Amino acid sequence: MRDLTVAVFRPDDERLADAVELIDSLGATAIPDPMLAVEPADTSPRTDADYVILTSKTGVELAREVGWEPGDAAVCAIGASTADALREAGYSVDIVPETYTSSGLVATLADEVDGARIEIARSDHGSEVLLEGLEAAGAYVHETVLYRLVRPEGSGESAERAAAGDLDAAAFTSSLTVEHFLAAADERGIREEAIAGLADAVVGTIGPPTRETAESHGIDVDVVPTDADAEELVCAVVERAAPTYHD
């Protein structure tokens with residue numbers, strides 16, 4: 001019986017290495033395909049807000065690199081991994097929603113931000129849910145793009161394996177990873193074959209927005225973890241796939 005093959009799409013840094021290590025520890029074989037690369041925008045979050053929202057470990061690291069300090073602002077993390085990154089960088093964390101999504105954070109803040117100034121510091125592919133939801137709650141919202149997310153050259157091994165029927169599972173960690181997977185398949189002229197291959201695999205997405213993106217492109221989604229957490233996603237995908245794969 002061959003090993004279970006699981007594609008993961010983290011940036012090519014410790015996050016990808018951690019995902020590979022986790023998959024290996026679960027007895028499967030990782031197919032690391034770094035669909036995201038970070039291009040810093042050389043910007044800094046504003047310092048005059050009442051609330052500052054960070055949405056990723058990358059954003060936290062870039063804010064620290066430019067010497068940003070939150071002052072009297074309440075620091076909000078969209079989830080546990082971002083909160084951990086903030087604390088590791090020496091920042092205090094004031095608010096983490098129970099549900100690790102943009103809509104979860106909006107729900108947490110909605111009753112207290114009428115008239116407040118909110119700074120959202122994140123990538124150039126952030127969800128509109130945060131902006132629209134907080135503005136609807138009466139807040140004055142400003143967004144700073146800390147970095148751009150691009151598709152690295154040479155990515156696409158996972159699309160080739162899916163098209164060849166040689167991929168048992170895939171764990172998409174953002175809508176952009178779905179779009180970049182399909183772009184890599186398009187480059188190779190195998191888009192339809194790759195989507196068909198995913199239909200025979202276990203597909204997991206980190207949250208409902210990523211699921212919606214995948215399904216809008218004809219990709220069936222089998223697993224969405226309770227929390228929008230990359231480690232939980234990988235574990236859920238392997239758990240779902242492990243009993244069903246065979247020679």
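Start by selecting strand β4, residues 51-54: it pairs with β5 in the parallel sense over four bridges. Strands here are DSSP runs of E with at least two residues, helices are runs of H or I with at least four, and both are numbered from the N terminus. Two strands pair if DSSP finds at least two bridges between them. Now click Leu-54, and you'll find it opposite Ala-77 in β5.

This is a predicted model, where local features need pLDDT of at least 70 and side-chain atom pairs count only at pLDDT 80 or more, while totals for chains, interfaces and linings use all residues. Residues are numbered from 1 along each chain as its sequence is written, and side-chain values use heavy atoms, leaving out hydrogens and water.

Next, bring up helix α3, residues 80-88, which packs on the sheet and touches β4 and β5 (contact means heavy atoms within 4.5 Å). Its direction makes about 135° with that of β5; axes are lines fitted to C-alpha atoms, for helices over the stretch in contact, and angles run from 0 to 180 degrees between N-to-C directions.

Zoom out to see the open sheet: five strands in the order β3-β7-β6-β4-β5, with mixed pairing. β3 and β5 (74-77) stand at the edges with a single partner strand each, so one side of each has no neighbour in the sheet.

Last stop: select Asp-33, in the loop between β2 (29-32) and β3 (37-40). Asp-33 is buried, meaning under 20% relative accessible area (1.4 Å probe, protein chains only). Show Glu-157 too: its backbone nitrogen lies 3.1 Å from a polar atom of the Asp-33 side chain.

Terms used. Buried means under 20% relative accessible area, exposed over 50%, partly exposed in between (1.4 Å probe, protein chains only). Lys and Arg count as positive and Asp and Glu as negative; His and the chain ends are not counted. A salt bridge is a side-chain nitrogen of Lys or Arg within 4 Å of a carboxyl oxygen of Asp or Glu. A polar contact is a pair of N or O atoms within 3.5 Å; within protein, one must be able to donate a hydrogen and the other to accept it, and residues adjacent in sequence count only if both atoms are side-chain atoms.
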